[in-house]
Amino acid sequence: MIGKDEIESLIERYDTNRISIGTLGSHSALNIFKGAKEEGFRTVCVCTRDREIVYRRFPVVDEFIFVDRFSEILDEKVQERLRELNTILVPHGSFNAYISMEDMLGRLYVPMFGNRRLLSWEISRDKQREWLLKAGLNLPRVYSSPDEIDGLAIAKLPGARGGMGYFLADSPKSFYEKAEKMVRNGYLSREDIKNIQLQEYVLGVTAYFQYFRSIIKNEVELLGMDRRYESAVDALGRIPARDQIHIDLNPTYTVVGNIPITLRESILPEVLRMGDRVAKIAEEIAPPGIIGPFCLEAIITDTGRIYAFEISARIVAGSNVGIGTSPYAYLKYGAGMYMGRRIALEVKLGIEKGMLGKILY
Ligand code: AMP
């Protein structure tokens with residue numbers, strides 16, 4: 001694993017008057033680059049040719065490094081160029097998808113804004129659960145075997161497959177029948193079935209809370225909120241129940257976009273406290289804890305009870321709804337603040353106060 005001292009010696013060689021903010025051209029890159037430019041940084045995009053159009057059409061990139069695959073960010077030549085440009089990398093969801101945890105921890109010799117050590121907590125459902133329970137959050141019950149199912153349950157596969165292959169069951173019998181059918185139809189393998197996590201299905205609406213934990217200011221900020229727009233589950237309500245039964249639907253949760261939310265003010269106290277507690281526990285389990293953005297994914301029931309079902313310890317694509325306009329960021333900072341810009345602001349403060357070593361890992 002790359003040591004903190006190794007990252008620090010990289011930072012020492014950087015020209016802090018010429019820092020670039022870099023990331024992979026995907027996920028929330030527009031958000032990150034725009035924010036970096038607004039705070040006066042240069043930007044560098046590690047990009048594939050098929051996605052180039054995005055970062056040309058929206059002029060937020062100063063320097064491109066083209067690759068055939070995102071995993072080539074690990075190539076020595078690419079890393080060398082990033083360091084030459086004094087790049088601070090901002091990780092987002094595509095890093096988890098295209099680069100293995102071992103490579104992130106052991107082969108990426110470029111300073112990153114964020115705590116690499118929290119990654120191992122984020123990518124395991126069991127460790128996430130332990131973290132959130134320690135923080136005192138309500139979590140959906142987990143069934144340890146399909147035979148325990150006594151209400152509506154959601155069957156989830158390990159890893160982020162965008163909700164693909166998830167299914168619902170309300171009894172052991174319906175679980176085994178559906179699982180068998182999913183295997184027969186080629187949606188799941190027998191191995192997948194063994195690795196399924198079965199959660200209580202919480203009836204309520206989803207809400208994703210976007211926080212920023214600042215080591216420099218020593219506080220947790222709430223900067224935005226969204227819900228996902230998921231195909232096909234968000235389309236089901238448009239089909240009458242009678243027809244749904246006939247076509248034997250299975251909800252899938254492929255994210256195609258995000259929708260901004262503002263919450264009832266009476267629910268905000270709990271949302272703010274949840275962010276504080278999760279950040280506090282992160283300091284204990286992986287010092288120095290969360291650096292920068294994190295997101296709690298939650299379901300809110302009709303009684304106002306909030307169940308957290310996942311955490312991301314990095315910028316989430318849902319924060320793209322706030323580019324330029326997030327109401328919660330406005331309440332704290334006034335116009336024009338959003339997650340990508342908040343990251344750049346923290347880097348700027350880090351440079352000014354000589355604290356870069358505290359926020360780069
Ligand atoms: P995930 O892969 O964990 O992000 O879940 C994908 C989607 O499944 C979420 O956006 C929710 O719409 C839904 N979901 C996940 N867990 C639950 C749960 N315990 N109860 C109800 N819906 C859930």
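## Basis of the model

The model is predicted: local features require pLDDT of at least 70, side-chain atom pairs count only at pLDDT 80 or more, and totals for chains, interfaces and linings use all residues. Residues are numbered from 1 along each chain as its sequence is written, and side-chain values use heavy atoms, with hydrogens and water left out.

## Ligand surroundings

The ligand is surrounded by 17 residues, of which the closest are Lys 156, Tyr 166, Tyr 208, Glu 230 and Glu 310. A residue is included here if one of its heavy atoms lies within 4 Å of the molecule.

Polar contacts are pairs of N or O atoms within 3.5 Å; within protein, one atom must be able to donate a hydrogen and the other to accept it, and residues adjacent in sequence count only if both atoms are side-chain atoms. A nitrogen atom of the ligand lies 3.0 Å from a polar side-chain atom of Gln 199. A polar backbone atom of Val 202 is 2.9 Å from a nitrogen atom of the ligand. On the side chain of Arg 228, an N or O atom is 3.4 Å from an oxygen atom of the ligand.

## Helix 2 and helix 14

Helices (H or I, at least four residues) and strands (E, at least two) are DSSP runs numbered from the N terminus. Axes are lines fitted to C-alpha atoms, for helices over the stretch in contact, with angles from 0 to 180 degrees between N-to-C directions. The axes of helix 2 (residues 29–38) and helix 14 (residues 339–352) come within 7 Å and cross at roughly 45 degrees.

In contact (heavy atoms within 4.5 Å) are Asn 31, Ile 32, Gly 35, Ala 36 and Glu 38 of helix 2 and Met 339, Gly 340, Arg 341 and Ala 344 of helix 14.

## Helix 8 and helix 12

Helix 8 (residues 125–134) and helix 12 have axes that come within 8 Å and cross at roughly 120 degrees; the two helices are therefore oblique to each other. Trp 131, Leu 132 and Lys 134 of helix 8 meet Val 278, Ile 281, Ala 282 and Ile 285 of helix 12.

## Backbone features

Most residues other than glycine have a negative phi, and most peptide bonds are trans. Ser 231 and Ala 232 are joined by a cis peptide bond with omega about 10 degrees, and Ala 232 lies in strand 10 (residues 219–232). Another cis peptide bond joins Pro 287 and Pro 288, with omega about 5 degrees. Pro 288 is in the loop between helix 12 (268–285) and strand 12 (292–300).

Asn 86 has a positive phi, near 55 degrees, and is found in the loop between helix 4 (76–84) and strand 4 (87–89).

Methods: Parallel < 35°, antiparallel > 145°, perpendicular 65-115°, else oblique.
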